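Please keep the sequence and the model in view while reading.

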Amino acid sequence: MFDLPFPIHPTAHARGVPPHFPSGETDPNHPFALTLSRRAPADLLSGRAAPLVLSRFPTLAEAMQGAVDHAEGIDPEAAPQLLAILDRDERLVLAGAASDGAVAWCHPVTSAAEARGVVTEASQLRAQAGRANDWGEPDLARRLRHRADLLDARLVDPLWRAFAARALRVAA
């Protein structure tokens with residue numbers, strides 16, 4: 001129920017965000033795709049909200065390093081970008097918020113019960129964001145949607161949960 005795949009559409013680079021991968025790895029045979037979430041209202045309305053593939057990597061460690069390399073190219077004044085690493089079957093492996101030269105990885109849920117709680121909380125935050133937007137508070141609505149997106153980023157595919165948690169411990 002919580003493991004819906006994300007369609008991946010490879011592209012050269014995100015709008016206004018050039019790729020920052022010195023190796024230029026875009027081999028479609030590499031199993032890990034570093035993606036950028038496209039959740040702008042225009043993208044949602046146009047049907048282009050699918051994640052944007054920034055690059056592909058042969059290992060999770062290299063994909064994580066690629067995310068950090070991408071974060072180093074983000075303008076320090078820019079809003080955080082939600083990056084996700086997906087496997088070749090488009091399952092979420094790891095996600096985090098990239099800004100100011102670093103990536104704050106979201107720790108994966110550890111159980112189905114925790115995943116249900118995360119989905120409930122994210123849904124409530126999105127409802128609050130809708131009300132805030134109706135009340136003329138777009139900044140509050142944006143912050144609430146961002147918090148909901150960060151919660152969703154914890155919904156790592158059950159196949160990858162333990163491995164992703166271990167990778168975060170090793171990276172720390």
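Helix axes are lines fitted to C-alpha atoms over the stretch in contact, and angles run from 0 to 180 degrees between N-to-C directions. This is a predicted model, in which local features need pLDDT of at least 70, side-chain atom pairs count only at pLDDT 80 or more, and totals for chains, interfaces and linings use all residues. Residues are numbered from 1 along each chain as its sequence is written, and side-chain values use heavy atoms, with hydrogens and water left out.

**Overall architecture**

- The chain contains 5 helices and 6 strands, where helices (H or I, at least four residues) and strands (E, at least two) are DSSP runs numbered from the N terminus.
- Read from the N terminus, the order of elements is β-β-α-β-α-β-β-β-α-α-α.
- Of the 172 residues in the chain, 40% are buried; buried means under 20% relative accessible area, exposed over 50%, and partly exposed in between, with a 1.4 Å probe and protein chains only.
- Contact means heavy atoms within 4.5 Å. Among contacts between residues at least 6 apart in sequence, 67% join residues at least 24 apart.

**Packing of helices α3 and α4**

- The axes of α3 (residues 112–134) and α4 come within 8 Å and cross at roughly 165 degrees.
- Helix α3 is therefore roughly antiparallel to α4, since angles under 35 degrees count as roughly parallel, over 145 as roughly antiparallel, 65 to 115 as roughly perpendicular and the rest as oblique.
- Residues of α3 that make the contact include Val118, Ala122, Leu125 and Ala129, while those of α4 include Leu140, Ala141, Leu144 and Leu151.

**Aromatic pairs**

- Rings of Phe, Tyr and Trp (its six-membered ring) pair if their centres lie within 6.5 Å; planes under 30 degrees apart count as stacked, over 60 as edge-to-face and the rest as tilted. The count by this rule is 2 aromatic pairs.
- Phe32 and Trp160 form an edge-to-face pair, because their ring centres are 5.6 Å apart and their planes stand at 70 degrees.
- Phe32 belongs to strand β2 (residues 32–36) and Trp160 to the loop between α4 (138–152) and α5 (161–171), so this pair ties together parts that are 128 residues apart in sequence.
- Phe32 is buried at 8% relative accessible area, and Trp160 also counts as buried, at 16%.
- Trp160 also pairs edge-to-face with Phe163, at 5.6 Å centre to centre and 65 degrees between the planes. Phe163 is partly exposed, with 48% relative accessibility.
- Through these ring pairs, Phe32, Trp160 and Phe163 are linked into a cluster.
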